[in-house]
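Visitor: I would like to learn how to read side-chain features in a model like this one. Could you take me through some of them?

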Amino acid sequence: MNLMKKLLLITLVGVFAFITTSVTASADSHMRTPIDYRKPSETIPYPDIDKLKDPWIKVSINKNRVYIMSGNKAVYTMYCSAGKYENKDGKRVSITPTGTFAIQSERGNSFYNPSVKCGANNYVSWHDNGSYLFHSVPTDKDGHYIKSEAAKLGKMTASHGCVRLSVPDSKWMMNVPEGTKVVVQDN
């Protein structure tokens, strides 16, 4: 390879690295840090789901993120905490089911489950008619947010199978129309 081709190749690799870094930095620059369960995950306004082209929701259990998608493009990212990991047959598996689902009709302002001693606000079902929900960080029997559980948001899996969100993110999720596709993945 002559010197000119080598210089061109080095330049192209450098430009590609710069573009990749810039795109990642730009997407990450809107994420609120530190994470605050009382505020939206991003510092930009929520998207208008009715104006998105082919809207759907992607959940990454391992990354602790929910992505609001418009076609193949993530237009908003939310911090989340999905189901804890368990060992099943020697494999690490989340108790949140993976696959393709859809937003269901079950939704409401709050619930409390005495068997697990916690509840949540702003819930929307995405699987098994109310068994698996998007909802706020957990509340206690008196409706107060459990700060030790809220501190896990966006940092680790923590739920009994649902997808926990910040309070404002869970309110926004209540506006997602029934039938909207939800894809839950481990990665």
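**An arginine and some aromatic rings**

Guide: The side chain of R32 reaches the backbone oxygen of P40 at 2.8 Å. This is a predicted model, in which local features need pLDDT of at least 70 and side-chain atom pairs count only at pLDDT 80 or more, while totals for chains, interfaces and linings use all residues. Residues are numbered from 1 along each chain as its sequence is written, and side-chain values use heavy atoms, with hydrogens and water left out.

Visitor: How many aromatic pairs does the structure hold?

Guide: A pair of aromatic rings is described by the distance of the centres and the angle of the planes. Rings of Phe, Tyr and Trp (its six-membered ring) pair if their centres lie within 6.5 Å, and planes under 30 degrees apart count as stacked, over 60 as edge-to-face and the rest as tilted. The structure holds 7 such pairs; one of them, Y46 with Y76, is tilted, at 4.9 Å centre to centre and 35 degrees between the planes. The two residues are 30 apart, with Y46 in the loop between helix 1 and strand 1 and Y76 in strand 3 (residues 73-81).

Visitor: Is Y76 buried or exposed?

Guide: Y76 counts as buried, at 0% relative accessibility.

Methods: A polar contact is a pair of N or O atoms within 3.5 Å; within protein, one must be able to donate a hydrogen and the other to accept it, and residues adjacent in sequence count only if both atoms are side-chain atoms. Helices (H or I, at least four residues) and strands (E, at least two) are DSSP runs, numbered from the N terminus. Buried means under 20% relative accessible area, exposed over 50%, partly exposed in between (1.4 Å probe, protein chains only).
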